[in-house]
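I opened this notebook to keep track of what I looked up, one topic at a time. My plan was to begin with how the chains meet, then turn to the ligand, and finish with a few single residues.

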Amino acid sequence: MIGSHDHISTSFNNELSNLNESLLEMGRILENMYEKSIIAFDQKSEDASREVILNDKKIDDLETSIINQIQMLIAKRQPMGVDLRVLVGCTRIAGYMERIGDLISSVNKRNIILIEHNIENEKKDIVDLFSSAMKLFKKSLDCFARKDFKLAEVVRKQDLDIDKQYKHFFNELLEKMSNESKLVVPGTHMLFIAKNLERIGDHATNIADSISYMATGEVQAPDRPKISE
Amino acid sequence: MSDIKPKISVSNLNVFYGSKQAIFDINMSINSKEVTAFIGPSGCGKSTLLRCFNRMNDLIDICKINGSIKLDDLEVYSKKIDIVRLRTRVGMVFQKPNPFPKSIYDNVAYGPKIHGLCKDVSELDGIVEKSLQSAGLWEEVKDRLHEPGTGISGGQQQRLCIARAIATNPEVILMDEPCSALDPIATAKVEELIDSLKKNFTIIIVTHNMQQAARVSQKTAFFHLGALIEFGNTDKVFTSPEKEKTSDYITGRFG
Ligand SMILES: Nc1ncnc2c1ncn2[C@@H]1O[C@H](COP(=O)(O)OP(=O)(O)OP(=O)(O)O)[C@@H](O)[C@H]1O
Ligand SMILES: [Mg+2]
């Protein structure tokens with residue numbers, strides 16, 4: 001983890017590395033769920049979506065286990081300095097990952113509904129959003145795996161691009177929906193999917209911010225520039 | 001920060017035991033009516049420095065000091081100083097509770113009596129009660145004031161020593177690991193006491209318990225091999241210290 005030397009206590013070192021491993025595991029499962037969601041969407045596969053939704057339970061369980069590990073670490077080790085920051089940071093990251101799991105799962109619930117609708121014209125934009133959020137999320141996981149807080153800055157910048165993409169898609173689809181009433185039902189679901197993907201981008205950024213916090217102790221990340229509606 | 005006058009100012013302080021140097025060129029200012037914690041590995045010089053503040057080191061023949069320590073405007077190591085007077089201004093509480101082999105009452109009354117701080121018995125009674133009150137011990141001992149001070153529990157003895165230290169109405173109280181012989185409840189009581197005492201006294205506490213330093217102090221000084229490595233706000237020192245050595249020490253990474 002962050003912090004240059006090992007602790008004198010080897011069991012403390014082990015507990016921290018188990019915690020790290022649990023978070024990496026959570027990240028791997030999410031990555032997997034996410035990849036499967038893109039396929040499910042692109043190929044209109046209800047089976048794939050259902051599988052992803054089922055996987056969300058694993059994420060919830062891992063979050064619970066991580067919180068328990070952190071609780072025990074705090075009680076036993078009464079951590080200070082960088083150790084304290086790492087535990088606070090990991091608590092937050094576990095929370096963001098759990099949210100990402102929920103968002104992925106809700107994207108898939110809507111995908112199942114969308115399967116019977118014709119959305120060929122909008123599909124490409126959503127797939128693009130999917131892959132932008134995926135890139136960002138993978139970077140934030142990478143950032144965590146390497147404890148590289150400089151990479152966090154890159155993640156923050158990329159989040160802006162997703163926000164732009166999302167706003168653009170939102171406005172276009174809204175206009176189409178107002179002209180074409182049969183688009184209202186699938187369009188609404190697509191708006192929510194797009195919103196959820198944009199939120200995943202936000203949480204990826206939150207994860208990156210938590211990593212800079214662990215490294216520097218700065219709780220408040222500098223204001224993120226906002227795109228006006 | 002700069003407009004507050006420090007209670008104690010240390011400049012270019014070096015301390016030797018014979019030919020062995022224990023303190024290396026320390027400069028620091030201790031704020032008035034705040035708790036300052038001294039932390040650092042065993043042998044880094046915390047007690048040595050603490051003992052300089054009321055010249056307890058004078059009792060050690062081979063101990064030699066150069067540099068300056070000022071208590072307000074008073075040069076502590078000046079030849080002209082009245083050491084007895086200095087020690088009433090700068091009181092001390094030790095690691096092991098060490099009540100005198102006298103009654104609880106006499107333990108507290110001793111200082112005010114020898115320093116002539118009271119004119120009659122009723123005034124002395126008042127000082128004893130007030131000091132025991134401040135030390136949070138009054139309720140527990142008020143019916144047994146004439147029993148021996150050594151006959152109460154360790155935690156109570158330590159609070160008795162604190163009552164004894166505050167009875168002479170000092171300005172500074174030095175505490176060298178005051179809780180290391182106490183259980184968590186007695187420790188919590190002493191910590192609570194420290195918190196309430198800082199309204200009236202400047203307190204410097206040496207502790208090996210990082211959580212205790214974080215709980216009771218506003219400023220923390222970290223020493224290593226006789227040098228002051230880091231000195232700053234406790235909040236900062238225990239969450240994101242500036243120096244790698246400090247970080248390694250407080251997180252248990254020292255090797
Ligand atoms: N009376 C003495 N005579 C000779 N050397 C001494 C004496 N007292 C302390 N020293 C030496 O001075 C150095 C600092 O000791 P000091 O007792 O100030 O350390 P400390 O930080 O209080 O340690 P601890 O946490 O173990 O109480 C040590 O190397 C110690 O051996
Ligand atoms: Mg000592």
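**Entry 1: where the chains meet**

I began with polar contacts, and I found that seven residue pairs, both residues at pLDDT 80 or more, are in polar contact between chain B and chain A. I kept in mind while reading that this is a predicted model. On the side of chain B that touches chain A, the elements giving two or more residues are helix 8 (210-216), helix 9 (234-239) and helix 10 (244-250) of chain B. Helix 10 of chain B gives the most to that side, with four residues. I then sorted the residues of this side of chain B by kind, and they divide into six nonpolar, six polar and three charged.

Next I looked up how many residues take part, and I noted that 15 residues of chain B are in contact with 18 residues of chain A. The area buried between chain B and chain A is about 1200 Å², and carbon and sulfur atoms give 49% of it.

The partners are Arg253(B) and Asp83(A), whose closest N and O atoms are 3.0 Å apart.

**Entry 2: around ligand 1**

I then turned to ligand 1, which 15 residues surround, and I listed the closest as Ser42(B), Lys46(B), Ser47(B), Thr48(B) and His208(B). A backbone N or O atom of Gly45(B) lies 3.0 Å from an oxygen atom of ligand 1. A polar side-chain atom of Ser47(B) lies 2.7 Å from an oxygen atom of ligand 1, and for a polar side-chain atom of Thr48(B) the distance to an oxygen atom of the ligand is 2.5 Å.

How much of ligand 1 does the protein bury? Taken alone, ligand 1 exposes 630 Å², and the protein buries 67% of that. Strand 2 (20-30) and helix 1 (46-52) of chain B are the elements that give two or more residues to the shell around ligand 1. Helix 1 of chain B supplies the largest share of this shell, four residues. By kind, I recorded that the residues of the shell divide into five nonpolar, six polar and four charged.

I picked out the one in which the side chains of Glu35(A) and Lys138(A) meet, with N to O at 3.1 Å. This pair links distant parts of the chain, since Glu35(A) is in helix 1 (residues 10-42) of chain A and Lys138(A) is in helix 4 (residues 120-146) of chain A, 103 residues apart.

**Entry 3: one loop residue**

Last, I looked up Ile62(B), which lies in the loop between helix 1 and strand 4 (63-71) of chain B. Leaving out residues up to four places away in sequence, I found that Ile62(B) touches Phe16(B), Tyr17(B) and Gly18(B). I also checked Ile203(B), which is 141 residues from Ile62(B) along the chain, and the C-alpha atoms of the two are separated by 28 Å.

Notes
Residues are numbered from 1 along each chain as its sequence is written. Chains are lettered from A and ligands numbered from 1 in the order in which they are written. This is a predicted model: local features need pLDDT of at least 70, side-chain atom pairs count only at pLDDT 80 or more; totals for chains, interfaces and linings use all residues. Side-chain values use heavy atoms; hydrogens and water are left out. Contact means heavy atoms within 4.5 Å. Buried area is the accessible area (1.4 Å probe) that two parts lose on being put together, summed over both. A salt bridge is a side-chain nitrogen of Lys or Arg within 4 Å of a carboxyl oxygen of Asp or Glu. A polar contact is a pair of N or O atoms within 3.5 Å; within protein, one must be able to donate a hydrogen and the other to accept it, and residues adjacent in sequence count only if both atoms are side-chain atoms. Ala, Val, Leu, Ile, Met, Phe, Trp, Tyr, Cys and Pro count as nonpolar, Asp, Glu, Lys and Arg as charged, and the others, Gly among them, as polar. A residue is near a molecule or strand if one of its heavy atoms lies within 4 Å of it. Accessible areas come from the Shrake-Rupley method with a 1.4 Å probe; for residues, only the protein chains shown count as cover.
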